[in-house]
Amino acid sequence: MARFTVTQQVLAPARSVWAAMVDWRRHGDWAPLTTVRVTTSLPDGVGVEFVARTGIGLLAFDDPMTVKLWQPPGGNAPGDGPGRCEVVKRGGVVFGRAGFSVVPLHSGRCRVDWDEDVTVTPHRVTRFAGPLLSFAGRIGFGATLRAMARDVERQSG
């Protein structure tokens, strides 16, 4: 399996960051070569299904996901409960789980912790290239979280 965690502080309230993070279609604004479409009528919460399509042409793949845990943050102040969302990845190329926490901090800031534990098919790829996939995941999702932070900070600012 490829496992990684990425952390990003955001100069915006936890509730604002949570709202951006669970607006699934917006992930395509931050993640290069990615579009996201929600495939259920349910807009948010447990059971929402969406598909992230990443890549170009024949090198693109679908990453279908289902929300399995939905706990919005308790507020915007330190000590308020963090928010947590987890999805199950159930695709033909990538499967496993991913999730993020939004933790309120002092001065209207928060921290986002993104973690993934995934397998890439064929399984041989993950077994031999797991460390490389974990490194690439940290780099890619780090860039995605930085783009999200800039976007949300600009809107909150």
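**Reading the largest pocket and its surroundings**

Me: Which element gives the largest share of the lining of the largest pocket?

Reply: Helix α3 does, with six residues. Bear in mind that this is a predicted model.

Me: How many residues line the largest pocket, and which lie nearest its centre?

Reply: The lining has 33 residues, and those nearest the centre are Thr54, Phe61, Asp63, Glu116 and Phe141. Two or more lining residues come from each of β1 (2-10), β2 (34-38), β3 (49-54), β4 (61-71), β5 (83-90), β6 (94-104), β7 (110-120) and α3 (123-156). The space in this pocket is about 800 Å³.

Me: What is the make-up of that lining by class?

Reply: Of its residues, 22 are nonpolar, seven are polar and four are charged.

Me: Which side chain does Glu116 meet in a salt bridge?

Reply: A salt bridge needs a side-chain nitrogen of Lys or Arg within 4 Å of a carboxyl oxygen of Asp or Glu. Glu116 pairs with Lys89, at 3.9 Å from N to O.

Me: Which residues make the nonpolar surface patch of about 320 Å²?

Reply: Leu132, Phe135 and Ile139 make this patch. Ile139 sits in helix α3.

Me: Where is confidence lowest, and where is it highest?

Reply: Confidence is read from pLDDT, on a scale from 0 to 100. The lowest mean, 85, is in α3, and the highest, 97, is in β5. Across the protein the average is 91, with 94% of the residues scoring at least 70.

Notes
Residues are numbered from 1 along each chain as its sequence is written. This is a predicted model: local features need pLDDT of at least 70, side-chain atom pairs count only at pLDDT 80 or more; totals for chains, interfaces and linings use all residues. Side-chain values use heavy atoms; hydrogens and water are left out. On a 1 Å grid over the protein atoms alone, a cavity is a set of points where a 1.4 Å probe fits but cannot get out, and a pocket is an open set with protein on both sides within 12 Å along at least five of seven lines; lining residues have an atom within 4 Å of a point. Grid points are joined across faces, edges and corners, and a volume is the space filled by probe spheres set on the points. Helices (H or I, at least four residues) and strands (E, at least two) are DSSP runs, numbered from the N terminus. Ala, Val, Leu, Ile, Met, Phe, Trp, Tyr, Cys and Pro count as nonpolar, Asp, Glu, Lys and Arg as charged, and the others, Gly among them, as polar. Patches are made of residues with over 30% relative accessible area and no salt bridge: like charges are joined within 9 Å, nonpolar side chains (Val, Leu, Ile, Met, Phe, Trp, Tyr) within 5 Å. Accessible areas come from the Shrake-Rupley method with a 1.4 Å probe; for residues, only the protein chains shown count as cover. pLDDT is the predictor's confidence in each residue, from 0 to 100.
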